[in-house]
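Look over the sequence and the fold below. This short report covers aromatic rings and a helix pair.

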Amino acid sequence: MRGLAQRLVAMGQACAIAAPGAETAQYEQGGLQVFRFAGDPRPRLDLAYGAPDEIAAAGFAAIVERVRPRIVHLHARTAAVSERLMDIAHAAGATVVFTYHTPTVSCIRGTMMLFGEAPCDGVVRTSRCTACALTGHGAPRPVAWLAAALPGAVTRGVPWPRLRIPALMADAQARILSFLAKADHVVAVSQWVREVLARNGVPAAKITVSRQGVDLQTSPPPAAARPAGAGLRIAYFGRIDPTKGPDLLALAIAQVKNPDVRIDIYGIDQAGGAGPTHACLARQAAQDPRLRLLPSVEAAAVTGVMAGYDLVAIPSRWLETGPLVALEAFAAGVPVLGARLGGIAELVRDGVDGVLVAPDDAAAWAAAIEQLAADPGRIEALRQGITAPRTMDASARDMAALYERILASAGA
């Protein structure tokens, strides 16, 4: 959020950043005052399911007492950034704005994919959500439904952590609804988020839709286009994680017969090479020279690297709220090959500036890649269909206008 805050400061807004950290600290970075507040270091199971971290809340309270903000804008919902922070802000007379950035805000499974199969309506329903989340942890569906039906009083106090999980999940869902109710205003970064908020009882007047924007100030001009006739080149930029779907690209290229297709995975590997998704990619890359597993790219260099490709792939298996990588691809003048799902489908115009493919379907992805490889003219037509993406400056203007409305209504 640093880039957004810097732009708000340039627009005349006084901003400071407060964020959880390993220890309490205060410093200046990029012209912004930054405060860190420490949380509970103990590995508590209830904190993993979003129970308020009272140590973090006390640290945040000290920052609020010092800064005395009129608006507190939260960009996460975790144990450290819980509804307790809203209570503290309200007690200090501040208005609380919350931006819904990822499905983890209101989906206990974390993907907004019902039982991992299809987009969910997002309505928080305790038994259904708990059963869905338990299957995500590997429980067979009948067992998950049975566990979800157990009264919380039966399992909440048992000494065995695994048996407490259904009750913890139920508690977490109640906190989700309380969190959304306590927010004075909620920013939805995509249309599907706005719909989920509405289905969960958030009044329309309390919701502002403001999509993310690409930071063009830190992105170099796009590199020169790659020479024609060099075959189809596709790149993936993002986390090595099943929800992001880079392994789907490996499964797809194994079915592609065209020898002149290459997929480069610029992966952010938070597991340090130890995760199963990374292992899958590494095995496939060792067997097929058309697939390369490469180091991640610095944020400031992403669009320049993208510009050397025909397509940027976004094969996500969860409901993206952005994704920012689509905007970066468009800034680089590169079409997107993306999953027909969530925010990807909201940003990419199928057949105009990209191609949308059935999510989590390796055969469909392989077929789309084969078709695009056989028709270079289609790639060029998609390039021509790209328009300038939304920028972070536009997002900042939205937030500045929202803050001004809030302060005007409060008589500040």
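Which residues form one aromatic cluster? Phe237, Tyr266 and Tyr309 do.

## About the model

This is a predicted model: local features need pLDDT of at least 70, side-chain atom pairs count only at pLDDT 80 or more, and totals for chains, interfaces and linings use all residues. Residues are numbered from 1 along each chain as its sequence is written, and side-chain values use heavy atoms, with hydrogens and water left out.

## Aromatic pairs

The whole structure holds six aromatic pairs. Rings of Phe, Tyr and Trp (its six-membered ring) pair if their centres lie within 6.5 Å; planes under 30 degrees apart are stacked, over 60 edge-to-face, the rest tilted. Phenylalanine 115 and tryptophan 145 are tilted, because their planes meet at 45°, with centres 5.9 Å apart. They sit 30 residues apart in the chain. Phenylalanine 115 is buried at 12% relative accessible area, while tryptophan 145 is partly exposed at 38%. (Buried means under 20%, exposed over 50%, partly exposed in between, with a 1.4 Å probe and protein chains only.)

Phenylalanine 237 and tyrosine 266 are stacked, 4.9 Å centre to centre, with 10° between the planes.

## Two helices

Helix 3 (residues 54-67) packs with helix 4 (residues 83-91) at about 25°, axes 9 Å apart. The two helices are therefore roughly parallel (angles under 35 degrees). Their contact (heavy atoms within 4.5 Å) includes Phe60 of helix 3 and Leu85 of helix 4.

Methods. Axes fitted to C-alpha atoms, helices over the stretch in contact; angles between N-to-C directions. Helix = DSSP H or I, 4+ residues; strand = E, 2+ residues; numbered from the N terminus. Parallel < 35°, antiparallel > 145°, perpendicular 65-115°, else oblique.
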